Amino acid sequence: MATFVATKKIYFFFANPRKPMFDLMGMMGKMKDFQARMQEAQNDLESLTASGEAGGGLVRATANGRQQVLTIEVDESLFASPDDRAMVTDLTVAAVNAALKAAGELARDHIKTKTAGLMPNIPGMDLGQFGL
């Protein structure tokens with residue numbers, strides 16, 4: 001039978017009323033702190049940049065932590081022949097994909113760093129939606 005005691009802190013008791021399972025108010029405070037740090041980390045993502053290259057650096061793409069492509073640079077030597085159009089397209093796609101992958105990893109690491117120690121390691125709790 002569960003016992004519930006209301007004081008300044010709300011505790012949930014189970015088998016033994018003298019040993020609380022967890023402090024609900026403390027957990028709510030941690031969640032507010034977690035949300036604030038998560039918002040700060042997400043705001044920082046726009047200033048993080050990562051680049052990807054293809055064709056030995058002939059095509060270079062840069063993306064931010066929000067996975068938005070910022071720049072695409074193509075070496076002028078690729079425009080020498082009109083037959084190289086397909087190659088330029090392929091290299092551009094490869095460079096953009098590499099930049100987006102790097103930006104995603106950078107963003108995930110940044111969010112993990114900003115929110116480290118805030119959430120307990122609860123088995124089965126999926127924080128994937130937060131990038132963790």
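Is E53 buried, partly exposed or exposed? In this predicted model, E53 has a relative accessibility of 46% and therefore counts as partly exposed. Its side chain meets that of R60 in a salt bridge, with an N to O distance of 2.7 Å. R60 is likewise partly exposed, at 31% relative accessibility.

In total, the structure contains five salt bridges. Another of them joins D33 to R37, whose closest N and O atoms lie 3.9 Å apart. Both residues belong to helix α1 (residues 24-44), and because they are four residues apart, about one helical turn separates them. In general, an α-helix has 3.6 residues a turn, so residues three or four places apart point the same way. The relative accessible area of D33 is 32%, which places D33 in the partly exposed class. R37 is also partly exposed, with a relative accessible area of 32%.

A further salt bridge is formed between the side chains of E40 and K114, at 2.8 Å from N to O. This pair connects distant parts of the chain, since E40 lies in helix α1 and K114 in helix α2, 74 residues apart. E40 is partly exposed at 42% relative accessibility, and K114 is partly exposed with a relative accessible area of 24%. Together with D44, E40 and K114 make up a network of salt bridges.

Helix α2 comprises 30 residues and spans 43 Å between its first and last C-alpha atoms, close to the 44 Å expected at 1.5 Å a residue. The buried residues of this helix are V88, L91, T92, A95, V96, A99, A103, G104, A107, H110 and I111.

The largest nonpolar core consists of 12 residues, namely A50, A54, V59, A61, A63, L78, V88, L91, A95, V96, A99 and A103. Two or more residues of this core come from each of β4 (49-54), β5 (59-64) and α2 (85-114). Helix α2 supplies the largest share, six residues. Apart from this core lies another, of seven residues, including M38, A41, L48 and A107. A107 is also among the buried residues of α2.

Within the largest core, A103 is one of the members. When residues up to four places away in sequence are not counted, A103 touches A50, A63, N64 and G65.

Technical notes:
Residues are numbered from 1 along each chain as its sequence is written. This is a predicted model: local features need pLDDT of at least 70, side-chain atom pairs count only at pLDDT 80 or more; totals for chains, interfaces and linings use all residues. Side-chain values use heavy atoms; hydrogens and water are left out. A nonpolar core is a set of buried Ala, Val, Leu, Ile, Met, Phe, Trp, Tyr and Cys residues joined through side-chain atoms within 4.5 Å. Buried means under 20% relative accessible area, exposed over 50%, partly exposed in between (1.4 Å probe, protein chains only). Contact means heavy atoms within 4.5 Å. The expected span of a helix is 1.5 Å times one less than its number of residues. A salt bridge is a side-chain nitrogen of Lys or Arg within 4 Å of a carboxyl oxygen of Asp or Glu.
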